[in-house]
Amino acid sequence: MADRLRLALIAHDAKKDDLVAFCTTHANFIAGCDIVATGTTGGRIADADPRFSVRRLRSGPLGGDQQIGALIAEGVVDAVIFLVDPLTPMPHDVDVKALMRLAIVYDIPIALNVATAEIILTAMEADGRNGDRS
Ligand SMILES: O=C(CO)COP(=O)(O)O
């Protein structure tokens with residue numbers, strides 16, 4: 001496994017504040033990760049803390065979810081936190097579903113809400129999977 005955790009972060013608009021708050025709460029952990037994110041989400045996370053290393057892809061509706069799915073298939077994502085909005089119809093719902101399907105296919109931990117994200121981070125911390133040890 002890579003030394004730094006390779007974490008994919010995505011949030012629908014109604015959940016972006018929650019994801020930023022999550023990243024800020026766990027800033028020391030997140031700062032030790034290589035983050036890949038969909039476009040708007042990535043911008044919000046990068047603005048939250050200058051220590052966050054964020055690679056921004058396309059916005060979700062313009063292919064960002066599919067790009068993250070491709071990275072999962074390439075084996076370069078260790079975990080996904082995708083805070084979904086269950087109350088709003090999305091034009092790119094098929095892309096969201098495809099990303100989730102690939103996380104299942106490749107057995108990648110994927111948190112779809114904050115409660116599960118907390119559990120994944122706790123497990124990764126216990127496993128020594130945060131921090132730049134290079
Ligand atoms: O729509 C998204 C995920 O489906 C997120 O995309 P943005 O981060 O660009 O808003």
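## Around the ligand

Ala, Val, Leu, Ile, Met, Phe, Trp, Tyr, Cys and Pro count as nonpolar, Asp, Glu, Lys and Arg as charged, and the others, Gly among them, as polar. By that scheme, the shell around the ligand holds three nonpolar residues, nine polar and one charged. This is a predicted model: local features need pLDDT of at least 70, side-chain atom pairs count only at pLDDT 80 or more, and totals for chains, interfaces and linings use all residues. Residues are numbered from 1 along each chain as its sequence is written.

Of the 13 residues around the ligand, Thr38, Thr40, Thr41, Ser59 and Gly60 come nearest. A residue is near a molecule if its C-beta atom, placed from the backbone, lies within 6 Å of it. The top contributor is α3, with three residues. Helices (H or I, at least four residues) and strands (E, at least two) are DSSP runs, numbered from the N terminus.

## Two helices side by side

The axes of α4 and α5 (residues 93–105) come within 8 Å and cross at roughly 15°. Axes are lines fitted to C-alpha atoms, for helices over the stretch in contact, and angles run from 0 to 180 degrees between N-to-C directions. So α4 is roughly parallel to α5 (angles under 35 degrees).

Asp65, Gln66, Ile68, Gly69, Ile72 and Ala73 in α4 meet Asp95, Val96, Ala98, Leu99, Leu102 and Ala103 in α5 (C-beta atoms, placed from the backbone, within 7 Å). The residues of this contact divide into eight nonpolar, two polar and two charged.

Methods: Angles under 35 degrees count as roughly parallel, over 145 as roughly antiparallel, 65 to 115 as roughly perpendicular and the rest as oblique. Two residues are in contact if their C-beta atoms, placed from the backbone, lie within 7 Å.
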